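Work through each task with the structure at hand before reading the solution.

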Amino acid sequence: MTLTAPSTTYDLGSWSPDARTHLVSLLRGRDLTVHWVGEQLVVPTSKRAQVDDLIAYLNGTAAPGMTAASTRTGVLAGGSGGSPPPAWHPNPEDPATWRWWDGARWTSFTVPAPPVTRSWFPARSEARATTIARGSLIALVGFVVAELLSIGLVFAAIELGAEERSVVTLIAGGFGLWAGLLGACVVAVRRHGTGSLRDLGLSGVRRSDVGTGVVASIVARIAGAAVAVAIVALFPDESYGSSTSIVDRGRPSTLALIVVALFVCVGAPFFEELFFRGLVQGALTGRVGAPIAVVLQAGLFAAAHFQVGMSLGTAIVTFTVIGIAGLTLGMVRWHTDRLGAGMITHAAYNLVAVVILFFVL
């Protein structure tokens, strides 16, 4: 028999045949659908509380109808009020299971540990974040090195004859930035992780990531636009110009636009999500907790988009709008526990700017 609904498995190998037979009769009396795999009892997860009650009853620690599930939280420990009451608790000998405490001693009854429900802001003790918390310094050094590499390659390109604001300098700067960011990620996982970028949440993009990414990008764009309009209205005398350097000299060529599209819709989403939402947010979460980590990485992400020569008004709008995008990307990363959806969000967000370049300029 195959259960299509989520199920829970009880290992009752330590029970006597008579005890298992008695449990089956009680389950049938409550019209519960179960099946056996050897000496393991498989029941729908939705019925787990009722099965827990019956196991407690057979163990002589509860009467039928008592809800043992209500006492499943917390780690078993003695207190001033005496021994803890009978309940399921994390198994001190096997973290993957819970074990029945009969009020005086551990029994041999175990069940799989209940699944952990992920919230928008997981606890700071989340294993992956804690593992790479020591990568904070590497992330900081990597960010500085990446910025210096970017600036250095831009100046080198200009010295070799490239225009100050051109596709060539854009590529040169991006290559330096991404090389530094990727290098920091590689060093971090090799020194403090398993050596794989999967430690930072990198995995294949799933079909569900597309929908999540598109919706999140729309939300970020609308929120950013609303805040930008409010800033402009509050400070109408400030100078607000384009922050996209290659369009400041007129309409770019089709080839330039294609290069820009690949740059901002493919390269930026991959390298920036890997660094800011993978390494930086993960390392900060292990140190200061997820809510603060999401805010800090968004601020750093916004600061990374500052360009020399921006007016004060443009800098304020850019920092605010990109910061909102960073907050959105940070929450997407934690909500999915991976980088795939965030990369789609990032790409879809930047695609809007590319479409404007193609059809407005």
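**Exercise 1.** In this predicted model, find the ring whose face R277 lies over, and give the distance from the ring centre.

Solution. R277 lies over the face of F301, at 4.2 Å from the ring centre. The cut-off for the CZ of Arg is within 6 Å of the ring centre. A further case is R333, which sits over the face of W334 at 5.2 Å from the ring centre.

**Exercise 2.** State how many aromatic pairs there are, then classify the pair of F143 and F276.

Solution. Step one: the count is six aromatic pairs. Step two: the ring centres of F143 and F276 are 6.3 Å apart and the planes are at 75 degrees. Step three: planes over 60 degrees apart count as edge-to-face, so the pair of F143 and F276 is edge-to-face. Step four: F143 is in helix α4 (residues 136-159) and F276 in helix α7 (residues 254-288), 133 residues apart, and the pair links these distant parts of the chain. Both F143 and F276 are buried.

**Exercise 3.** Classify the pair of F276 and F301, and say which helices hold the two residues.

Solution. Step one: the distance is 5.2 Å centre to centre, with 70 degrees between the planes, and the aromatic pair is edge-to-face. Step two: F276 lies in helix α7 and F301 in helix α8 (residues 290-303), so the pair ties together parts that are 25 residues apart in sequence. Step three: F276 and F301 are buried.

**Exercise 4.** Which residues do ring pairs link into a cluster with F276?

Solution. F143, F275 and F301 are linked with F276 into a cluster by ring pairs.

Technical notes:
Residues are numbered from 1 along each chain as its sequence is written. This is a predicted model: local features need pLDDT of at least 70, side-chain atom pairs count only at pLDDT 80 or more; totals for chains, interfaces and linings use all residues. Side-chain values use heavy atoms; hydrogens and water are left out. Rings of Phe, Tyr and Trp (its six-membered ring) pair if their centres lie within 6.5 Å; planes under 30 degrees apart count as stacked, over 60 as edge-to-face and the rest as tilted. Helices (H or I, at least four residues) and strands (E, at least two) are DSSP runs, numbered from the N terminus. Buried means under 20% relative accessible area, exposed over 50%, partly exposed in between (1.4 Å probe, protein chains only). A charge sits over a ring if NZ of Lys or CZ of Arg is within 6 Å of the ring centre and within 35 degrees of the ring normal.
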